Amino acid sequence: MKLKAIVFDCDGVIFDSKEANRAYYDTILKILELPPMTEEQLYYAHTHTVYEVIDYLIPDPILRKKAHILRKKIDYSQFIPYLKLEPNVKEVLALFKKSFKIGMATSRANTVYQLLDTYKLSNYFDIIISALDVKQVKPHPEALYKIMTYFSIKPEEMIYVGDGDIDAEMAKRAKVIFVAYKNKGLNSDFYIDNFLELLKIVK
């Protein structure tokens, strides 16, 4: 493997963000006097953009419009305490930073920068592609194409670490090696349960 770059998803990989996502969207639903998310809806929220999630959760066009207005007014910092940084993230990123380019391709929008700044992770990443930086979101491979162009590398010189089916599909379409994080149900080249195991793959 002539590896030059390692690219990560954010939610479910860098952070355990399940409860943060639950609290965020349930807050919007509560204000609109709608029931909280089901577990199935929560999984969708975990892997898709905020625009897709609101459209998915709220079929009524009038309420949906109100939800999009609400989300712009809500201060996301109140949900950051619900997030948990995965173990050994900083130590492993620091090691990789010495030898590889580091990127992120995430379905998050502007909140990704607030998260990385809060947890002092921003300096580890050479490029971050959020949902705001692409015309076509996951599973379309545009985000990975942008990163490859930025680093001037080929697909076989990069790996992508993700935890969802749309991550696996995006990597497949981009012809990039995929590492499944804490999800053995995905079609993947490698499977890991923690960041230390990633060190065994990336040598």
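Okay, let's start with Ser152, which is exposed, at a relative accessible area of 64%; exposed here means over 50%, buried means under 20%, and partly exposed is in between, with a 1.4 Å probe and protein chains only. Ser152 sits in the loop between H7 and strand S6 (158-162). Helices (H or I, at least four residues) and strands (E, at least two) are DSSP runs, numbered from the N terminus.

Quick word on the source. This is a predicted model, where local features need pLDDT of at least 70, side-chain atom pairs count only at pLDDT 80 or more, and totals for chains, interfaces and linings use all residues. Residues are numbered from 1 along each chain as its sequence is written, and side-chain values use heavy atoms, with hydrogens and water left out.

Back to the backbone. Most residues other than glycine have a negative phi, and most peptide bonds are trans. Ser152 is not a glycine, yet has a positive phi of about 55 degrees. Lys175 also has a positive phi, about 60 degrees, without being a glycine. You'll find Lys175 in the loop between H8 and strand S7 (177-181), and that lysine is exposed, with a relative accessible area of 68%. Then there's the peptide bond from Lys138 to Pro139, which is cis, with omega near 10 degrees. Pro139 is in the loop between strand S5 (127-129) and helix H7 (142-151).

Now, which residues of helix H2 are buried? For H2 (residues 39-47), they're Gln41, Leu42, Ala45, His46 and Thr47. Their cover includes helix H1 (18-31), helix H3 (50-57) and helix H8 (165-174).

Let's look at H1 against H2. The two pack at an angle of about 105 degrees, with axes 10 Å apart; axes are lines fitted to C-alpha atoms, for helices over the stretch in contact, and angles run from 0 to 180 degrees between N-to-C directions. So H1 is roughly perpendicular to H2, a label for 65 to 115 degrees, with under 35 being roughly parallel, over 145 roughly antiparallel and the rest oblique. From H1, Lys18, Asn21, Arg22 and Tyr25 meet Glu39, Leu42, Ala45 and His46 of H2, where contact means heavy atoms within 4.5 Å. That contact has three nonpolar, two polar and three charged residues. Nonpolar is Ala, Val, Leu, Ile, Met, Phe, Trp, Tyr, Cys and Pro; charged is Asp, Glu, Lys and Arg; the others, Gly among them, are polar.

On to the pockets. A pocket is an open set of points on a 1 Å grid over the protein atoms alone, with protein on both sides within 12 Å along at least five of seven lines, and lining residues have an atom within 4 Å of a point. Volume is the space filled by probe spheres set on the points, with grid points joined across faces, edges and corners.

How much space lies in the largest pocket? About 390 Å³. It's lined by 27 residues, and the closest to its centre are Tyr25, Val50, Arg108, Ala109 and Thr111.

The second largest pocket has a volume of about 250 Å³. Of its 14 lining residues, Gly12, Asp16, Lys18, His46 and Asp163 are the closest to the centre. H2 gives the most to that lining, with four residues. By class, the lining of the second largest pocket has three nonpolar, five polar and six charged residues.

Note on methods:
On a 1 Å grid over the protein atoms alone, a cavity is a set of points where a 1.4 Å probe fits but cannot get out, and a pocket is an open set with protein on both sides within 12 Å along at least five of seven lines; lining residues have an atom within 4 Å of a point.
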